[in-house]
Amino acid sequence: MRRRGRDGATWTLPKGTPDPGETIEQTALREVGEETGLEVRIVEPVGSIEYDFVQDRRRIHKTVHYFLMEPVGGDLARHDLEFEQVRWVGFDEAPALLTFQTERDLVTTVLGRLSTPAEAAS
């Protein structure tokens, strides 16, 4: 998903804040649906990223949990207006597209995990 900011375009994975009473899985499904317009199902958890940022002069620590997902419906054209462009890309393309190193590393790690069983079976 691409958002235009002060420093140009930022490409990032979907993420968001849990609503009260939501599990991290429910949050992930809701946020992906809202931000991308896609209906997805969770295949498996793939890790988390922690970082700090400043908002309204307050330092905030955030942990984002990521999941391997597959689309089961929806339409990218239905994404919310928080992002100006949304794309579904393959694991091989994502590291070159993503802005943040932590997200690039996560995608590369997941790609390695997914590639290993297929290579072992060959």
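These notebook entries record what I looked up in the structure of one protein chain.

**Entry 1: ground rules.** I worked with a predicted model, in which local features need pLDDT of at least 70, side-chain atom pairs count only at pLDDT 80 or more, and totals for chains, interfaces and linings use all residues. Residues are numbered from 1 along each chain as its sequence is written, and side-chain values use heavy atoms, with hydrogens and water left out.

**Entry 2: fold.** I looked up the secondary structure and found three helices and four strands in the protein chain. Both kinds of element are DSSP runs numbered from the N terminus, helices being H or I with at least four residues and strands being E with at least two. Along the sequence I read the pattern β-β-α-β-β-α-α.

Entry 3: The chain exposes about 8000 Å², of which carbon and sulfur atoms supply 52%. That area comes from the Shrake-Rupley method with a 1.4 Å probe. I then turned to contacts (heavy atoms within 4.5 Å). Of those between residues at least 6 apart in sequence, 55% join residues at least 24 apart.

**Entry 4: salt bridges.** I applied the rule that a side-chain nitrogen of Lys or Arg lies within 4 Å of a carboxyl oxygen of Asp or Glu, and the count came to eight salt bridges.

One of them pairs Glu 103 with Lys 15, with the closest N and O atoms 2.6 Å apart. Because Glu 103 is in helix 3 (residues 101-121) and Lys 15 is in the loop between strand 2 (8-11) and helix 1 (24-36), this pair ties together parts 88 residues apart in sequence. I recorded Glu 103 as buried, at 2% relative accessibility.

I next examined Arg 41 and Glu 70, whose closest N and O atoms are also 2.6 Å apart in a salt bridge. Arg 41 belongs to strand 3 (residues 38-55) and Glu 70 to strand 4 (residues 58-74), so the pair ties together parts 29 residues apart in sequence. Arg 41 is partly exposed at 40% relative accessibility, and Glu 70 is partly exposed at 33%.

I also recorded a salt bridge between Glu 93 and Arg 87, with the closest N and O atoms 2.4 Å apart. Glu 93 is partly exposed at 34% relative accessibility, and Arg 87 is partly exposed at 34%.

Key: Buried means under 20% relative accessible area, exposed over 50%, partly exposed in between (1.4 Å probe, protein chains only).
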